[in-house]
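Please look over the sequence and the structure before reading on.

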4 protein chains.
Amino acid sequence: MAIKSGREYKESIKKLNLKANVMGQKTGDLPEHELVEPSQKAVAFTFDAAKNNETKNLFCVESTLCKDVVNRFTHLHQSTDDLVNKVKMQRYCGVKTGCCFQRCVGLDAANAIFSTTYECDQKHGTNYHERFKDYWTWIQQEDLVVDGAMTDPKGDRGKRPADQADPDLFLRIKERRVDGIVISGAKLHQTGMLNSHEILVMPTLTMRPGEELWAVCCAVPTNSKGIHYIYGRQTSDTRKLEEYKLDVGNPVYGGQEVMTVFDDVFVPKERVFMDGEVDFSGLLVERFASYHRQSYGGCKAGVGDVLIGATALIAKMNGVAKASHIKDKIVEMIHLNETIYSCGIACSATGAATAAGNFQVNLLLANVCKLNVTRFPYELSRLATDVAGGLIGTMPSAADFEDPVAGAYIRKYLAANPEYETVDRMKVLRLIENLVAGAGAVGYLIESMHGAGPPTAQRIMISRQANIEEKVTRVKELLNID
Amino acid sequence: MAIKSGREYKESIKKLNLKANVMGQKTGDLPEHELVEPSQKAVAFTFDAAKNNETKNLFCVESTLCKDVVNRFTHLHQSTDDLVNKVKMQRYCGVKTGCCFQRCVGLDAANAIFSTTYECDQKHGTNYHERFKDYWTWIQQEDLVVDGAMTDPKGDRGKRPADQADPDLFLRIKERRVDGIVISGAKLHQTGMLNSHEILVMPTLTMRPGEELWAVCCAVPTNSKGIHYIYGRQTSDTRKLEEYKLDVGNPVYGGQEVMTVFDDVFVPKERVFMDGEVDFSGLLVERFASYHRQSYGGCKAGVGDVLIGATALIAKMNGVAKASHIKDKIVEMIHLNETIYSCGIACSATGAATAAGNFQVNLLLANVCKLNVTRFPYELSRLATDVAGGLIGTMPSAADFEDPVAGAYIRKYLAANPEYETVDRMKVLRLIENLVAGAGAVGYLIESMHGAGPPTAQRIMISRQANIEEKVTRVKELLNID
Amino acid sequence: MAIKSGREYKESIKKLNLKANVMGQKTGDLPEHELVEPSQKAVAFTFDAAKNNETKNLFCVESTLCKDVVNRFTHLHQSTDDLVNKVKMQRYCGVKTGCCFQRCVGLDAANAIFSTTYECDQKHGTNYHERFKDYWTWIQQEDLVVDGAMTDPKGDRGKRPADQADPDLFLRIKERRVDGIVISGAKLHQTGMLNSHEILVMPTLTMRPGEELWAVCCAVPTNSKGIHYIYGRQTSDTRKLEEYKLDVGNPVYGGQEVMTVFDDVFVPKERVFMDGEVDFSGLLVERFASYHRQSYGGCKAGVGDVLIGATALIAKMNGVAKASHIKDKIVEMIHLNETIYSCGIACSATGAATAAGNFQVNLLLANVCKLNVTRFPYELSRLATDVAGGLIGTMPSAADFEDPVAGAYIRKYLAANPEYETVDRMKVLRLIENLVAGAGAVGYLIESMHGAGPPTAQRIMISRQANIEEKVTRVKELLNID
Amino acid sequence: MAIKSGREYKESIKKLNLKANVMGQKTGDLPEHELVEPSQKAVAFTFDAAKNNETKNLFCVESTLCKDVVNRFTHLHQSTDDLVNKVKMQRYCGVKTGCCFQRCVGLDAANAIFSTTYECDQKHGTNYHERFKDYWTWIQQEDLVVDGAMTDPKGDRGKRPADQADPDLFLRIKERRVDGIVISGAKLHQTGMLNSHEILVMPTLTMRPGEELWAVCCAVPTNSKGIHYIYGRQTSDTRKLEEYKLDVGNPVYGGQEVMTVFDDVFVPKERVFMDGEVDFSGLLVERFASYHRQSYGGCKAGVGDVLIGATALIAKMNGVAKASHIKDKIVEMIHLNETIYSCGIACSATGAATAAGNFQVNLLLANVCKLNVTRFPYELSRLATDVAGGLIGTMPSAADFEDPVAGAYIRKYLAANPEYETVDRMKVLRLIENLVAGAGAVGYLIESMHGAGPPTAQRIMISRQANIEEKVTRVKELLNID
């Protein structure tokens with residue numbers, strides 16, 4: 001059984017000796033870095049859950065590829081049930097970590113590349129699919145974490161890759177050698193990159209004839225020569241570095257985004273899965289994006305559960321849990337959160353097999369799912385802020401809470417429902433702050449907007465997938481219009 | 001094969017010789033009545049679709065009850081696939097008829113009664129379940145239309161049944177005889193009643209000890225002695241009686257609601273499925289309501305498709321189809337409509353078997369589905385009104401269009417995109433008017449709000465089903481709060 | 001004092017002998033026609049209110065033009081107080097009539113023409129302003145009702161006037177004579193046209209050089225030779241023709257829209273206020289539209305008051321007035337309605353004098369006002385539907401209520417809170433139906449969307465008026481960006 | 001002329017020698033503290049603007065109280081024009097500082113206390129009004145900053161003051177002496193407290209008979225014996241302490257909230273304005289709250305202008321300013337922002353004189369204003385996040401930007417529209433981050449929700465002020481219902 005524990009995972013990452021620029025310093029020993037550690041714990045959770053008796057049925061699955069039981073985060077979906085279970089697993093990880101656990105993007109990339117390479121090979125006579133199967137068999141057997149790297153810097157949004165002032169603003173093949181390619185460019189917003197073993201590089205948009213050098217898909221180890229990492233800042237991130245941890249909000253887990261520069265990185269042939277086939281670049285983007293838009297129907301609903309739970313708990317702590325307007329706001333939060341989840345389930349349950357054999361989500365409904373994710377978490381946050389009270393924006397620091405004089409005042413005056421400790425009330429308020437306006441908001445709000453593409457990208461896909469002309473035809477039939 | 005055609009269905013209804021008060025007159029020959037006929041055609045569509053080669057796979061299903069192929073509208077769901085297919089079938093009927101096709105309520109009632117009677121028998125030693133199986137086997141074999149009658153008048157909403165000025169304000173058992181019961185009361189808003197062969201009477205809310213006489217469930221033929229029907233008015237209903245039909249909007253189909261009075265109606269024992277078991281009244285209501293809230297995820301999405309198609313078509317006819325704001329509004333309509341559908345699919349795909357063996361929808365998600373239905377069709381209507389233009393509220397009558405002088409002016413001045421006939425543009429405008437502010441709005445807006453219970457009923461169910469305490473527990477675990 | 005009573009107004013209209021095509025027939029004696037009469041009563045209300053001791057202070061105002069006290073509906077605003085009082089007067093008319101009282105459009109047209117002709121004369125040396133002052137002095141002295149006619153049919157929206165298949169699709173000057181002009185074309189959606197003495201014709205959009213023949217503004221008596229009227233249908237309009245009036249909803253008042261054809265109508269020179277000055281066509285449109293968008297901040301808030309009152313009353317009648325969710329919905333309705341009103345007040349209070357001396361509303365805020373009007377009445381209607389219950393879509397007809405058998409059942413089963421008569425409950429339900437899905441919805445919903453231009457027109461104006469560049473400059477200053 | 005400059009103001013604050021617990025340390029020299037300084041600059045702006053030739057007409061006003069020209073931030077409003085100008089002044093401060101400038105609360109408190117003491121004196125024969133006039137004359141003459149302290153900790157929200165475990169959970173009179181009173185308790189969320197000279201203490205809610213000790217209003221110097229300050233944390237607050245300032249977002253200004261403890265503070269008689277008159281406690285709360293809800297219609301619209309400007313600028317910098325969906329989102333932001341402003345203007349323009357002579361806002365519309373403020377800034381933030389792109393959540397730190405290696409990569413890969421510097425693009429992104437999820441979000445989002453009371457408080461006031469019964473009466477009249 002190719003299932004690693006969280007501890008084994010952490011050790012394997014440590015061996016990679018990754019280095020990154022973090023807050024002005026080039027840093028190794030990243031997993032121990034206080035800014036990084038919470039995010040690694042969140043990834044580690046996805047391993048431990050596969051070892052946990054209560055959850056292993058959901059997290060472990062028989063792979064037809066490597067003929068072994070694998071972690072579902074490396075699985076090629078074989079049915080709509082697999083797609084549904086993916087969403088359920090993601091919701092569970094979300095509610096347990098209260099943040100982005102970072103491992104979905106590689107899963108989504110793998111499933112998209114698997115089917116796209118198959119169809120590309122059929123048309124172009126390439127052998128990318130076999131290469132990818134070999135590669136991914138190894139991933140499954142070693143239970144590795146893979147980052148899916150899609151988002152290019154894009155420079156001036158009004159211009160195509162070749163028209164940019166700097167051709168690297170879209171990641172490109174800089175040189176073709178006999179044994180492989182050299183790539184140059186960068187990927188922004190790379191979620192969980194420093195917690196990953198491997199990177200799957202993909203194009204950022206549909207390339208056109210003449211843009212073959214930008215139509216590249218390949219796999220790269222995270223510790224490859226030529227890769228540079230610059231850590232992304234999050235709101236309130238340095239609270240993780242403070243002496244007292246109460247103000248961090250989420251005391252265990254966190255997210256991670258990294259700017260990743262590819263400065264002439266060599267990729268051997270067997271790790272290249274697209275090299276200039278512009279006619280398949282759009283398909284790859286579309287499929288990856290749709291899987292990833294499905295993912296948000298799970299993970300963000302899970303984080304939403306945490307926010308709902310925290311809101312219900314602070315209402316009790318404040319002594320207002322029975323007020324009708326409070327109950328009504330919590331019901332509204334649940335309603336919106338379950339609507340997101342419903343869209344995640346629906347695009348899974350109505351998925352279908354690809355020519356390569358793995359299952360693809362319903363493209364229309366996956367985009368509908370994500371478009372709701374760009375809206376409802378904001379309303380959940382607004383309602384949580386309403387119920388929690390103004391303290392989430394004005395509460396004294398944990399350091400003042402530790403001060404004998406100030407701390408006593410804080411304890412005295414932040415007491416509310418006597419069934420709860422004041423410090424516990426402060427913990428819940430800090431968790432809510434974390435999700436609505438702190439480091440957690442990067443995952444729960446900003447990533448909900450832009451992860452897997454901004455709302456306009458979903459709208460374009462909805463427009464394409466909805467078959468408006470068929471609806472027009474039905475109306476003409478009903479009205480007897482030619 | 002127990003599958004009837006639309007024609008056979010219509011003949012079978014005609015034989016019932018139903019009479020009703022319609023617009024001030026006691027009327028027989030209802031199916032031929034111009035106010036009634038469109039609604040019967042909509043029901044007939046559900047029969048013809050089961051005979052149609054293109055759709056029979058969706059509409060026909062093998063019944064384990066009567067061991068024959070039956071129309072899915074009489075089917076007891078045997079799997080989550082059955083639940084999903086129910087929603088797909090409903091969406092298809094919605095887009096083909098553009099209105100309420102009325103046959104879901106009996107289907108939903110049957111599935112709820114099937115499982116509730118089983119559990120009631122287990123506890124109380126009654127034999128309702130066998131009675132119901134016999135009854136429903138007959139329904140399946142004869143392919144009958146059954147109305148599910150739940151909504152009591154309820155009188156003063158602040159009072160329980162026994163405290164009302166008139167005990168009939170909740171339908172009740174007025175007399176218990178050796179061979180059956182006599183019921184008295186009324187059911188409001190009965191959808192498709194005059195197009196039905198049978199009525200399944202159910203309680204309207206959870207009855208409490210002492211309210212046994214109001215805890216009644218039974219089956220009654222629509223042409224029973226003692227039943228009186230009073231036809232419900234719809235917005236712009238009498239346009240169906242006018243000489244020129246253009247102004248009707250939906251030229252073929254329509255909905256129907258009837259006030260149904262039970263003036264001492266006798267029900268023989270074998271048709272009684274609950275008689276005083278107050279502890280099962282709430283379960284029956286909850287299950288029926290949830291099935292019916294699922295239904296709306298199909299049918300209203302189908303009608304939404306018609307509205308979207310009509311909006312896209314009028315945009316072309318007006319010559320504005322390519323304006324970015326128009327395209328954006330249509331995408332928004334699709335997005336909202338598919339969100340409704342996603343909720344319908346999700347509560348189906350996550351359904352589960354009952355003790356009796358048939359499948360129940362996910363109660364939480366079914367309520368989430370319906371709550372969205374109380375919102376999104378209103379926004380779809382608003383957007384359709386925006387795109388269509390003010391003419392839907394000011395266009396001259398069909399009669400004036402037929403006038404040689406006025407008609408010529410109308411033809412001249414309502415011409416728009418020359419690729420389309422003016423009269424066809426008028427048809428589309430009238431269809432949109434029908435759905436946003438005409439007879440169709442009764443089904444698409446008012447019924448979306450109140451059918452299967454108003455939004456507050458869904459909120460209460462969401463509150464009960466969401467397991468808020470588990471979310472609170474997760475937060476306590478994460479924050480290490482006892 | 002140039003103030004007429006409602007009765008005097010009605011007599012003066014009768015003398016005009018207007019004829020119109022109504023529901024297939026050419027009809028005179030319009031004021032007595034049951035379809036037309038309610039709309040005339042609504043206009044008459046604006047006269048009687050000026051005679052009423054309680055309200056005359058608001059409705060009567062000293063005119064600097066005719067040096068007499070005039071009805072504010074004919075007033076040229078002399079201050080921001082005048083602008084604010086206009087909105088207050090409109091809200092009052094709205095809450096008293098529950099419909100569109102039709103008289104604002106001429107008032108808004110007059111104020112726009114007054115200032116635009118002044119500036120046009122300054123630039124072009126024309127004498128339109130004096131002509132208009134003479135004309136409007138007469139209007140004030142005679143206390144006449146004037147329709148402002150702006151909306152052309154526009155044919156194919158993708159084409160300019162001269163490129164249409166038919167040049168009449170935008171109303172145009174067909175012939176220029178020594179003593180005047182001949183115009184040809186049509187105006188759609190003309191509110192209250194058949195209740196008016198005069199028409200102020202205006203261009204429908206900004207005309208460009210080469211489109212001089214479409215840049216026309218002039219005054220025409222409603223009974224001019226060559227004008228043809230075709231009555232606009234409203235939802236449920238023919239209920240006004242039925243024997244029993246309960247189902248009409250609004251038992252007294254109603255709106256009116258008319259398609260108005262100008263088939264070679266001659267206009268003498270002294271009644272022409274723009275003849276080819278394309279550079280002032282846009283200004284005229286913009287000013288008129290802004291006044292009219294202000295108007296909606298008054299009238300629609302008034303109709304909103306009626307809907308709120310009806311919702312609060314039906315809640316009492318149903319016995320649910322004290323339920324927290326009911327109270328909350330009514331508060332939400334009030335909040336949205338007062339937001340509309342606030343925008344109406346704000347664009348008035350921040351208005352400014354024009355070069356001609358009368359006062360113009362704040363163009364930005366007037367457009368913001370109207371854009372809210374395209375949204376909030378829809379939510380008010382949705383909430384009213386929620387509170388009212390499904391009966392507004394299924395209640396039996398007034399004719400059945402009069403039937404001895406059916407009527408008794410209706411009376412028995414529609415009884416609710418015993419403090420109220422069943423028939424009164426039915427009246428309130430019919431009023432709500434009227435406003436959310438009946439004839440009243442034409443004014444309250446469809447007109448709220450399209451009257452004074454659709455939302456896109458407001459968005460364009462907001463974009464132009466908001467001075468985005470100044471905001472950008474402020475940000476650059478703050479951030480010290482060059 | 002009693003107008004100070006910003007420099008004079010700062011010096012006067014310095015002389016107070018205030019001390020506070022800030023991030024775990026008792027700290028003096030607060031104005032120089034990097035966490036505090038930006039907030040003091042924002043207050044100082046309100047002084048400098050009164051000296052600035054471009055703005056002094058708006059900021060300076062003749063006081064009838066001290067018979068001198070005063071800063072409008074200390075003015076007792078004498079007309080609706082004064083109320084309107086207050087809102088305009090607040091919007092201007094908001095757009096110039098991009099944050100909460102803290103000085104409104106004292107202004108709003110003064111106006112509320114002025115009129116309430118007058119009415120209290122009339123009824124109870126007290127002489128609070130004269131005392132307050134003397135006190136406020138001094139404030140005006142000295143041009144002081146006054147904090148209005150209303151929000152008590154409130155402990156268990158389900159209990160009244162006297163029923164709390166600790167009577168100090170609502171600030172109270174602990175002792176009555178011949179020469180004054182001793183107060184004990186705390187006020188939370190005190191905006192700008194450490195930048196103030198004086199505090200106006202007010203009760204937090206309507207007190208009832210028996211709660212006289214909690215019905216207290218008085219003035220206290222900020223440097224009084226017995227007062228303790230604990231600084232409130234804000235999201236990302238410590239970025240202000242970092243070496244490189246780019247990540248702060250707003251490079252100049254910021255907000256401030258302080259937990260303020262009154263540990264047996266003596267207040268001499270002449271500074272007491274309410275002492276046990278429970279029947280006036282509610283009126284005082286209601287008036288203060290309404291003035292402060294009006295304020296938000298100005299200040300938040302001003303901050304909204306900054307967010308709109310930043311969004312428009314980042315769109316240019318990204319090269320997408322001309323995309324229709326971008327333009328549409330910016331128009332939507334403007335629309336919502338101007339709606340807030342319109343409500344601020346409307347409640348001012350419809351204000352009225354109190355018995356004491358100063359002007360009170362329209363209570364209904366002021367609450368409507370604030371209720372919109374609890375909604376629209378959230379949607380503005382969501383739209384700004386959409387337009388800005390994911391970088392606001394993932395951009396590398398300023399320290400990494402200064403690193404020669406990492407900085408070069410950042411410069412290369414964050415280049416976009418070549419007309420702009422990369423570093424300027426980063427500044428704008430950090431400003432947007434500041435407002436939607438950073439320190440600025442405390443003022444723009446959390447304070448918009450809870451400042452001047454949470455939305456439920458506004459809903460209660462709207463319900464009370466809206467005169468629902470009058471609307472019901474109008475409907476009864478229209479329908480001829482007794």
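Angles under 35 degrees count as roughly parallel, over 145 as roughly antiparallel, 65 to 115 as roughly perpendicular and the rest as oblique. The model is predicted, so local features need pLDDT of at least 70, side-chain atom pairs count only at pLDDT 80 or more, and totals for chains, interfaces and linings use all residues. Residues are numbered from 1 along each chain as its sequence is written, chains are lettered from A and ligands numbered from 1 in the order in which they are written, and side-chain values use heavy atoms, with hydrogens and water left out.

Helix α9 (residues 363-373) of chain A and helix α16 (residues 455-465) of chain A have axes that come within 9 Å and cross at roughly 150°, axes being lines fitted to C-alpha atoms, for helices over the stretch in contact, with angles from 0 to 180 degrees between N-to-C directions. Helices (H or I, at least four residues) and strands (E, at least two) are DSSP runs, numbered from the N terminus. α9(A) and α16(A) are therefore roughly antiparallel to each other.

## The open sheet

Four strands form an open sheet in the order β5-β8-β9-β12 (chain A), with mixed pairing, where two strands pair if DSSP finds at least two bridges between them. Its edge strands, each pairing on one side only, are β5 (146-149) and β12 (272-275) of chain A. β5(A) pairs with strand β8 (residues 198-201) of chain A in the parallel sense over four bridges, and Asp147(A) stands opposite Ile199(A) in β8(A).
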